[in-house]
Amino acid sequence: MTSVSSASPVFSGRDRQNRLFGPLPDVSGEAGYEADHPQRIGFFTDTSVCIGCKACEVACKEWNMLPMDDADGVRDAMGLSGMSYDNTGMLGANSWRHVAFVEQSRPVDLPMPQVGPPGAGRFGESQAPGHADGDLPADGTTPAYTGVLNAEALTEFDPQTGRSADREVRWLMSSDVCKHCTHAGCLDVCPTGALFRTEFGTVVVQGDICNGCGYCVPACPYGVIDKREGDGRVFKCTLCYDRTLDGLMPACATACPTQSIQFGNLDELQARADARLATLREQGVESARLYGRDENDGVGGAGAFFLLLDEPEVYGLPPDPVVPTRDLPSLWKSAGAAAAMIVGVIGTAVLGSRGRK
Amino acid sequence: MTASPGAGWRRADGPAAHDREKRRRRRGNGHGSGGGVGFRAAAADGAPVVQDVEFSSYYGRPVIKAPVWKTPDVPLYLFLGGAAGTSAILGAFSELTGRPVLARVSRLVSGGGSVLSVGWLIHDLGRPERFLNMLRVLKPTSPLSVGSWILAPFSAATGATAAVELLGWFPRLKQFGGAVAALFGAPMATYTAVLFANTAVPSWKEPGKQLPFVFAGSALAAGGGLTMVFAPVEEAAPSRAMAVAGAAVELAVMQKVEHDHGIVSEPYREDKAGKYLKAARTCTAAGAGLTLLAGRRRLGAVASGALLAAGSLLTRFGVYEAGMASAKDPKYTVVPQRERLVEQDGHARSVVR
Ligand code: SF4
Ligand code: SF4
Ligand code: SF4
């Protein structure tokens, strides 16, 4: 039966505010579930403790019986990405968890902390021969590091940072996953209703309905969902809908040995993440920040959010993702004007050429 | 320009700058790998362009997924749907003002175009046999859902009208079908622009409000051009007028799309898209000029009509390819978003270090 989809609450008239973007306290309720629906679930992925073991990737592949592919999503191919220990490469139809590996280095003769715009004067100075004494700034007491990261603190508290000769090396590892957005681009644009919001507030594809139109693929601001070669339909993380329905923890979170992947009710996870961020900041890891936690961001906050140690784009995440549908009303308005222009032009053309034929 | 994330951390073992530059050249596309080190962007002809772009990315890999749509399926769908949309309206208007031959030609063009466009759309699906799932729901947040509900009645009406026209049965039905088709014609020609703009693809999203006008102009030029080719010149004055007006709109708005949007306008001027759009400009301008000069002669009408249709088709290919290119290069996703954050917060970073 054809019906107006409940995934479009903005047009249902129940609430006129914040329907295409912005915070939504009760996503499942908005999608039409009764008030006794379960609480919204999600992931808090704390990358500061991730050891890059890829247990999550393997567990997800096993549990969901995902086919093999290479770093570019080519089916049944084995290959090295040639860029790092990351041969999974990306999230896609066949990889619903992806552990990013970023190897970074920097000279340890860092410029002294400076006042001014972050990063200004970073270059050159550090290479100057006079500064190459190979030591970290001696006085740990220097107040307010505004120019550079507190290197000493990070070395001390971050197991991922090591030093060799005059260079410091660190590995950033982060297990990426579908964000189960509050305003999910994929869900908004799916014309068949194959994508739907579950009672847990997650976003899931129904494989028996998807006709492979592919619209959801470019509509995801994070590049998560993708079409499976040889199948024609799209696939992505279900937040283990089958397991959570039976009260089990998702496979990836169960397999994670360091509790980098924490599963639970979203509000609890958010509280836990805020506490963890405070701890890290206290310890001097000032580069720690939460990603996807802010409910005022472009997707209304994510159901799966992260603690990162560098800018999001370093991990391959968009710095300021926005659900495309936020701008839909203005796009339709413009299309309406263009359609009116067509009718006007043709009407004028026909009537204007009347006598002349 | 935006700064890359700092504290001195740089991706280790990244290829040296000149390697990247070489690879970029070899790949022949804009700016392959970001990798945390700034490099000078250069235009296709090797001349440096204005920006000195510095941004970070994960080994230069794309942030978003490029559309999995196929070419020529989707560009052809856009072109045929546009031409069918405008000629359906032309058919209805010319019927009313006593131009029977033009009306007949318009109906045939529009019927043929819409049936073919449906074919291409279905061919593009991963599971073509599930095409009817498009009509399971009507979802206002999905331009493709709304579009399916425009396309279904439109193609049914235009297809039936064209068939009745050919067979010569039920002249009354023809008028009714023509009227329905005309009603859905204009939305048919413009909804596809919303379909493109309502994605995370930077070069479609950013000029999103201009694309409907590009597509409308392009559809007018194509519909006018095609009907000019087939209709007798004495009756085709409306075709000529709408084709020239459409070509003017297409050229003017496309100019804005190609230049007004900073870095995300770049893909419209480079590589494959750049070539398509350059050819499109030439065809459209020549077609419009020729219409004015020689449109009243048979040969001139055929030549200029064909040029206009070719220009419209090339524009669709160009817009499609520009979007694809912008999705595949992380630069176009990261840099504008970074700049937006800078504007909002006054600094590039999400934390003060
Ligand atoms: S838009 Fe992308 S990240 Fe958000 S729920 Fe859909 S696939 Fe997941
Ligand atoms: S590909 Fe499938 S899930 Fe994605 S938008 Fe189309 S029908 Fe929906
Ligand atoms: S929640 Fe389940 S489907 Fe999603 S990444 Fe984890 S294991 Fe895979």
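Guide: In this predicted model, the shell around ligand 3 comprises, by class, 10 nonpolar, 2 polar and 1 charged residues. There are 13 residues around ligand 3, and those that come nearest are C60(A), R97(A), C237(A), C240(A) and C252(A). Two helices of chain A, α2 (55–64) and α7 (251–255), each supply at least two residues of this shell.

The shells of the other two ligands may be set beside this one. Ligand 2 has 13 residues around it, of which C190(A), C210(A), C213(A), G214(A) and C216(A) come nearest. Its shell holds 9 nonpolar and 4 polar residues, and no charged residues. Around ligand 1 there are likewise 13 residues, with C178(A), K179(A), C181(A), C186(A) and C220(A) coming nearest. The division by class for ligand 1 is 9 nonpolar, 2 polar and 2 charged residues.

Chain A contributes 115 residues to the contact and chain B contributes 91 residues. Between them, chain A and chain B bury about 8500 Å², with 61% of this area on carbon and sulfur atoms. The rule finds 34 residue pairs in polar contact across the interface, both residues of each pair being at pLDDT 80 or more. On the side of chain A that touches chain B, at least two residues each come from β1 (3–4), β3 (97–107), β5 (167–177), α4 (185–189), α5 (216–219), β8 (226–227) and α9 (328–352). Among these elements, α9(A) gives the most, with 18 residues. By class, the residues on this side of chain A divide into 62 nonpolar, 29 polar and 24 charged.

Charged pairs also span the interface of chain A and chain B, where the rule finds 6 salt bridges. One of the salt bridges joins E313(A) to R338(B), and the closest N and O atoms of this pair are 2.7 Å apart.

Strand pairing links the two chains as well. β3(A) pairs with strand β1 (residues 10–11) of chain B in the antiparallel sense, over 2 bridges. Within this pairing, Q104(A) has R11(B), in β1(B), as its bridge partner.

To return to the part requested, C60(A), R97(A), C237(A), C240(A) and C252(A) are the residues that come nearest to ligand 3, and the shell as a whole includes 10 nonpolar residues.

Conventions. Residues numbered from 1 in each chain as written. Chains lettered and ligands numbered in written order. Predicted model: local features only at pLDDT ≥ 70, side-chain atom pairs only at ≥ 80, totals over all residues. Heavy atoms only, no water. Contact = heavy atoms within 4.5 Å. Buried area = accessible area lost by both parts, 1.4 Å probe. Salt bridge = Lys/Arg side-chain N within 4 Å of Asp/Glu carboxyl O. Polar contact = N/O pair within 3.5 Å; in protein donor to acceptor, adjacent residues only side chain to side chain. Helix = DSSP H or I, 4+ residues; strand = E, 2+ residues; numbered from the N terminus. Nonpolar A, V, L, I, M, F, W, Y, C, P; charged D, E, K, R; others polar. Pairing = 2+ DSSP bridges. Near = heavy atom within 4 Å.
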